[in-house]
Amino acid sequence: MMRMRPLTQPLVSDCSAFLFSTELGQRYYPLRKLLDDAVEKACQRDAVFLAYEGQRLVGVLWYVEEGSFYTYPYLHMIVVDESCRGKGYGRQMLAYMEERLLEKRVTSKIYLVVTESNQVAQKLYAGVGYQKVGRLENLYRKGVHELLMEKFLRKMTKIGQRDAS
């Protein structure tokens, strides 16, 4: 059974090492120092959770609660150990994030970007309700295009009220 643990200072090095060992981590943080600095900052300001199966670190969930336009949550990164993919960890981590966001505040939607060539991640996101709303060329790396996706977590009826549906 997977359990989520918030990133704390003693776990920063483990988180950084895990992310750097992945294709995603190396694509966006080609130097380990850049990733170490980013994870250190994230530990202080963002919502970062480590996913464990027993004692084994199997994934990292990193989101910014007021990321898009200082209003909408933004999924910065979700990574599952390559040997653990296809076992539902990604879906569980996304559900964990969405539950936390709905518990903490009224929010109507969440955003993420996914590399256009990453069909597996796109399928995961679409399977849990995210929809493509745009394409961003050369957003993080020249020649690497991203798809902007959003998900409505709750319909809004009036400001500050959630729809019961």
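Two strands count as paired where DSSP finds at least two bridges between them. The views below show a predicted model.

**View 1. The hairpin of β2 and β3.** Strand β2 spans residues 47–53 and strand β3 residues 56–68; the two pair in the antiparallel sense over seven bridges. Y52 has L57 in β3 as its bridge partner. Two residues lie between the strands of this hairpin, and G54 takes a positive phi near 65°.

**View 2. The hairpin of β3 and β4.** The pairing of β3 with strand β4 (residues 72–80) is antiparallel and again runs over seven bridges. G59 stands opposite V80 in β4. Three residues separate the two strands, and in the turn F69 has a positive phi of about 60°.

**View 3. Aromatic pairs.** Five aromatic pairs are found in a search of the whole structure. One of them joins Y72 and Y111 in an edge-to-face arrangement, with 5.8 Å centre to centre and 70° between the planes. Because Y72 belongs to strand β4 and Y111 to strand β5 (residues 109–115), this pair ties together parts that are 39 residues apart in sequence. Y72 is partly exposed, at a relative accessible area of 22%, whereas Y111 is buried, at 11%. The ring centres of Y125 and Y130 are 5.8 Å apart with their planes at 65°, and therefore this pair is edge-to-face. Both Y125 and Y130 are buried. F49, Y63 and Y96 form one aromatic cluster.

**View 4. Helix α3, residues 32–45.** With 14 residues at 1.5 Å a residue, α3 should span 20 Å, which agrees with the 20 Å between its end C-alpha atoms. L35, A38, V39, A42 and C43 are the buried residues of the helix. Seen down the axis of α3, these buried residues fall within an arc of 140°, so they line one face of the helix. An α-helix has 3.6 residues a turn, so residues three or four places apart point the same way. The buried residues of α3 pack against α1 (12–20), β2 and β3. On the other side of the helix, K33, K41, Q44 and R45 are exposed.

View 5. C43 counts as buried because its relative accessibility is 16%, below the cut-off of 20% for a buried residue. Leaving aside residues up to four places away in sequence, C43 touches L7, T8, Q9 and V12. C43 and L7 are 36 residues apart along the chain, and their C-alpha atoms are separated by 6.1 Å.

**View 6. The largest nonpolar core.** This core has 28 residues, and those with the most contacts inside it are L61, L75, M97, Y125 and Y130. The elements giving two or more residues to this core are β1 (2–6), β2, β3, β4, α4 (89–104), β5, α5 (119–127) and β7 (144–152). The greatest contribution, six residues, comes from α4. M97 touches L61, Y63, L75, I110 and Y130, with residues up to four places away in sequence not counted. A second, separate core has 21 residues and includes V12, Y29, A38 and V79.

Methods. Residues are numbered from 1 along each chain as its sequence is written. This is a predicted model: local features need pLDDT of at least 70, side-chain atom pairs count only at pLDDT 80 or more; totals for chains, interfaces and linings use all residues. Side-chain values use heavy atoms; hydrogens and water are left out. Helices (H or I, at least four residues) and strands (E, at least two) are DSSP runs, numbered from the N terminus. Rings of Phe, Tyr and Trp (its six-membered ring) pair if their centres lie within 6.5 Å; planes under 30 degrees apart count as stacked, over 60 as edge-to-face and the rest as tilted. Buried means under 20% relative accessible area, exposed over 50%, partly exposed in between (1.4 Å probe, protein chains only). The expected span of a helix is 1.5 Å times one less than its number of residues. The arc is that of the directions from the helix axis to the C-beta atoms. Contact means heavy atoms within 4.5 Å. A nonpolar core is a set of buried Ala, Val, Leu, Ile, Met, Phe, Trp, Tyr and Cys residues joined through side-chain atoms within 4.5 Å.
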